[in-house]
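Please read the points in order, with the model in view.

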Amino acid sequence: QTGLFVARQNIKNGENGIAFTADTDVSPYIESLPYSLTSAQKKCVDEIIADLESSRMMNRLVQGDVGSGKTMVALFAAFVLAKNGYQSAIIAPTEILAKQHYETISKICGTS
């Protein structure tokens, strides 16, 4: 909680984040999925990308029911980070969920 408080204060005080400048268009990749993203998923991806393209620090929590597509939203955020030369981590609170994320992402990325 202390870390979040400090981050919020930095945002309020105008400390800048990193503005991503590389191509952040993920629409070809969204269109290549074997299914369509929901409008809520598309909106969330668009908002995250807009945050990453700005110089504002991003502090975002993606929340939703089981099976609502949070993993896909996280995958597209990680993809934009990678396209801009940064690393990211998608974490899960349990080993079972981490394995499910790995399997889902591996199928989508064609690495399984």
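1. The secondary structure of the protein consists of 5 helices and 0 strands. Read from the N terminus, the order of elements is α-α-α-α-α. Please bear in mind that this is a predicted model.

2. As to overall dimensions, the C-alpha atoms occupy a box of roughly 45 × 30 × 25 Å along the principal axes. The protein has 112 residues, of which 27% are buried. Among contacts with a separation of 6 or more, 71% join residues 24 or more positions apart.

3. Which residues have the most contacts inside the largest nonpolar core? They are Val26, Val45 and Phe76, in a core of 18 residues. Two or more residues of this core are given by each of helix H3 (39–53) and helix H4. The largest share, 7 residues, comes from H4. As general background, nonpolar side chains in soluble globular proteins tend to be buried together.

4. Neighbours within four places in sequence being left aside, Phe76 is in contact with Val26, Tyr29, Ile30, Leu33, Leu37 and Val45. Two of these partners, Val26 and Val45, are themselves listed with Phe76 as having the most contacts inside the core.

5. How are H3 and H4 placed relative to each other? Their axes come within 9 Å and cross at roughly 25°. Angles under 35 degrees count as roughly parallel, and H3 and H4 are therefore roughly parallel to each other. Their crossing is right-handed. On the H3 side, the contact is made by Gln41, Cys44, Val45, Ile48, Ile49 and Leu52, and on the H4 side by Val73, Phe76, Ala77, Val80 and Leu81. By class, the residues of this contact comprise 10 nonpolar, 1 polar and no charged.

6. H4 (residues 70–83) also packs against helix H5 (residues 95–109), at an angle of about 60° and with the axes 11 Å apart. That angle makes H4 oblique to H5. The crossing of H4 and H5 is right-handed.

7. Which residues form the contact of H4 with H5? From H4 come Thr71, Met72 and Leu75, and these meet His101, Thr104, Ile105, Ile108 and Cys109 in H5. The residues of this contact divide into 5 nonpolar and 3 polar, with no charged residue.

8. In summary, H4 gives the largest share of the core, makes contact with H3 through residues including Phe76, and meets H5 through Thr71, Met72 and Leu75.

Methods
Residues are numbered from 1 along each chain as its sequence is written. This is a predicted model: local features need pLDDT of at least 70, side-chain atom pairs count only at pLDDT 80 or more; totals for chains, interfaces and linings use all residues. Side-chain values use heavy atoms; hydrogens and water are left out. Axes are lines fitted to C-alpha atoms, for helices over the stretch in contact, and angles run from 0 to 180 degrees between N-to-C directions. Helices (H or I, at least four residues) and strands (E, at least two) are DSSP runs, numbered from the N terminus. Angles under 35 degrees count as roughly parallel, over 145 as roughly antiparallel, 65 to 115 as roughly perpendicular and the rest as oblique. A crossing is left-handed if the near helix is turned anticlockwise from the far one by less than a right angle, and right-handed if clockwise. Contact means heavy atoms within 4.5 Å. Ala, Val, Leu, Ile, Met, Phe, Trp, Tyr, Cys and Pro count as nonpolar, Asp, Glu, Lys and Arg as charged, and the others, Gly among them, as polar. A nonpolar core is a set of buried Ala, Val, Leu, Ile, Met, Phe, Trp, Tyr and Cys residues joined through side-chain atoms within 4.5 Å. Buried means under 20% relative accessible area, exposed over 50%, partly exposed in between (1.4 Å probe, protein chains only).
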